[in-house]
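Thanks for coming. I will take one structure today and go from a sheet to single residues. Please have the sequence and the 3D view open.

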Amino acid sequence: MDQQHIRNFSIIAHIDHGKSTLADRLLEITGTIEARKMREQVLDNMDLERERGITIKSHAIRMRHVAADGAEYVLNLIDTPGHVDFNYEVSRALSACEGAILVVDAAQGIQAQTVANAYLAIEAGLTIIPVLNKIDLPQADCDRHAAEVANLLSCEPRDVLRVSAKTGLGTPELLEEIIRRIPAPSGNVAAPLRALVFDAAHDSYQGAVVYVRVFDGELRDGDPLRFFAQPEHRHDADQVGILQLGYIPTGHLAAGEVGYITAHLKDIHEARVGDTVSNADEPAAEALPGFRAIKPMVFSGLYPADSDRYGDLRTALDKLRLNDASLSFVPERSLALGFGFRCGFLGLLHLEIVRERLAREFNQPIVATVPNVEYEVTMNDGTVRTIDNPADVPPRGQYQSIAEPYVRAHIVCPTDAVGTVMTLSTGKRGSYLNTEYVAGDRARLIFDFPLAEIIFDFYDRLKSVTRGYGSLDYDYLEYRVSALERLEIRLAGETVDALSAVVHRDAAYRIGRRMCEVLKELIPRQQFEVVIQAALGGGKPIARESIKPLRKDVIAKLYGGDVTRKRKLLEKQKAGKRRMKRVGRVDVPPEAFLAVLKIGE
Ligand code: GTP
């Protein structure tokens with residue numbers, strides 16, 4: 001394949017601006033997919049992706065197109081996930097391309113992820129083709145938004161294409177522009193092999209399938225391979241081919257091309273996104289730039305609701321991990337919840353996806369603890385401990401300081417909402433840095449936030465104070481020392497490890513008090529009085545509530561009637577008990593372990 005006739009590109013957009021729909025149109029007009037096989041959003045092949053309309057994993061697909069100049073071109077579309085949790089994957093997918101189509105909704109204009117993605121593409125040195133989509137909508141305001149986009153990218157408004165991915169209007173012209181504007185790859189076929197891993201998937205027959213973009217050299221079936229991040233291992237390429245809604249073996253890939261490799265890899269963790277593949281016998285001197293080991297940012301304990309099913313939960317997580325390289329988990333034991341796993345996620349959406357997939361694919365009800373971030377605790381002797389479970393934070397007096405991860409957040413909102421966004425953000429311990437005006441009536445605010453403050457409800461609150469117009473994007477920054485302390489909850493005198501939280505000293509009293517109130521509502525009355533207490537840093541209680549005892553005999557008031565009525569009541573009571581977790585003498589319903597999430601209500 002002559003590199004002059006290859007174009008590698010990606011489509012980037014803010015969520016719901018029409019990325020997948022546009023991809024569908026391109027696949028359709030290039031005849032890549034027969035009309036009868038065409039279904040909406042073919043690239044989103046996981047059920048969950050379809051339902052939630054979000055792209056979780058990246059995919060790639062090869063199209064052929066005879067352009068106006070009469071030549072046939074190969075177009076590789078590399079799809080990217082559309083959420084901040086997956087920023088690193090997006091950046092790797094982008095660096096596998098020479099160009100990107102930046103899709104902007106013609107009714108909504110620029111949003112936070114439009115800006116964030118545009119910057120990622122600019123950083124990767126890509127040629128950007130700006131496109132206004134949904135021009136069929138009556139509320140589309142093309143001239144205004146074209147001017148904004150031109151301003152963002154420092155180009156002319158007339159360079160901004162106008163399409164409707166829904167009706168197909170303008171999409172043939174877009175194909176021509178992809179060929180005209182995006183540069184052909186310019187790798188050196190004679191140089192040693194260098195291919196970028198931009199994704200990997202698990203296939204039950206072939207094991208791990210590694211998705212690559214070849215930058216230099218060539219790759220054939222049987223070639224000895226070496227991954228730069230794991231130089232000690234050598235693998236033989238079993239099968240090499242291209243991606244076209246499935247794997248099509250070609251036996252050969254050369255500089256400029258996009259395709260897949262299978263190499264009897266045990267699992268996808270051996271092929272890390274961002275790594276470089278080279279030939280083991282004739283290795284390249286240097287890896288391609290930008291590799292970073294991904295690090296989980298949000299942690300939560302997952303426990304089987306039925307403690308006998310611990311083994312099943314492990315099997316389920318193992319299976320999920322086959323396809324999800326960023327999911328990590330280690331066994332953990334909680335006094336309250338029994339045996340389970342401490343799991344690490346890229347962000348809150350990732351956590352939700354994993355929980356839903358567990359529930360759906362493995363029919364496994366689970367109890368989850370409140371998500372938290374990872375803390376760096378500097379002990380009195382100067383050693384630093386990394387702690388991902390709030391219950392493990394030592395008592396006050398044993399450590400010098402606690403540091404927490406900070407992120408730099410970009411918030412795009414209408415200018416008239418700047419005041420309320422400021423109030424919301426400073427209430428979440430955000431430190432304000434800067435405001436820029438991205439477009440006529442849009443402002444972009446920059447804040448540094450403790451990650452812990454924005455992982456719960458920040459996004460929802462932002463949406464509500466901006467009437468849906470606000471959008472958020474953030475990037476990990478660094479660890480910073482904060483005045484944090486462990487808040488623990490005691491039920492009938494017993495500390496409930498799974499309810500521990502790490503809180504800022506300024507908010508500790510309020511949170512402690514609310515926790516007790518919320519738990520009082522969630523925990524049913526028992527045969528004895530249950531005292532709920534909140535304490536800070538292992539010290540004296542700072543808040544207290546109590547739940548009155550039940551009347552001794554539940555069936556005492558059921559005089560008369562037949563015996564089945566009594567039996568029914570007792571059965572109902574027993575069934576209610578079964579779903580409870582036993583903490584000391586107290587029966588606690590699973591939802592109580594998420595009580596912290598309710599304290600804002
Ligand atoms: P994520 O996968 O969540 O990032 O979303 P996306 O950017 O892929 O958006 P998607 O293609 O799922 O489109 C979002 C919604 O907009 C869907 O309901 C589409 O039917 C609709 N849509 C996409 N393109 C157009 C268009 O040109 N006109 C109109 N009227 N609706 C469109």
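Let me start with an open sheet of eight strands, paired antiparallel in the order 11-10-16-7-8-15-12-13. Its edge strands are strand 11 (235-236) and strand 13 (247-249), each of which pairs on one side only. Before going on, a word on the source: this is a predicted model, in which local features need pLDDT of at least 70 and side-chain atom pairs count only at pLDDT 80 or more, while totals for chains, interfaces and linings use all residues. Residues are numbered from 1 along each chain as its sequence is written, and side-chain values use heavy atoms, with hydrogens and water left out.

Strands here are DSSP runs of E with at least two residues, and helices are runs of H or I with at least four, numbered from the N terminus. Two strands count as paired if DSSP finds at least two bridges between them. In general, strands of a sheet pair through backbone hydrogen bonds, either parallel or antiparallel.

Within this sheet, strand 7 (residues 194-203) pairs with strand 16 (residues 276-279) over two bridges, in the antiparallel sense. If you want a place to look, Leu 196 stands opposite Thr 276 in strand 16.

**A hairpin**

Next, strand 18 (residues 328-334) and strand 19 (residues 338-345). They run antiparallel and are joined by seven bridges. Three residues lie between the two strands, which form a hairpin.

**The protein overall**

How many helices and strands does the protein have? There are 13 helices and 33 strands. The radius of gyration, taken over C-alpha atoms, is 27 Å, close to the 25 Å that the globule rule gives for 601 residues, so the protein is as compact as a globular protein of that length. That rule is 2.2 Å times the number of residues to the power 0.38. The C-alpha trace spans about 90 × 65 × 55 Å along its principal axes.

Of the 601 residues, 55% are buried. Buried means under 20% relative accessible area, exposed means over 50%, and partly exposed is in between, with a 1.4 Å probe and protein chains only. As for contacts, meaning heavy atoms within 4.5 Å, 69% of those with a separation of 6 or more are between residues 24 or more positions apart.

**Helix 3**

Helix 3 (residues 87-95) is largely enclosed by the rest of the structure, because nine of its nine residues are buried. Among them are Tyr 88, Arg 92 and Leu 94. What do the buried residues of helix 3 pack against? The list is strand 1 (6-13), strand 3 (72-78), helix 4, strand 7, strand 8 (207-216) and strand 26 (471-482).

**Two single residues**

Is Ser 425 buried or exposed? Ser 425 is buried, at a relative accessible area of 0%. It is found in helix 9 (residues 418-427). Leaving aside neighbours within four places in sequence, Ser 425 is in contact with Ile 411, Gly 430, Phe 447, Phe 449 and Phe 458.

Gln 108 lies in the loop between strand 4 (99-105) and helix 4 (112-123). Gln 108 counts as partly exposed, at 34% relative accessibility. With neighbours within four places set aside again, Gln 108 is in contact with His 17, His 145 and Arg 442.
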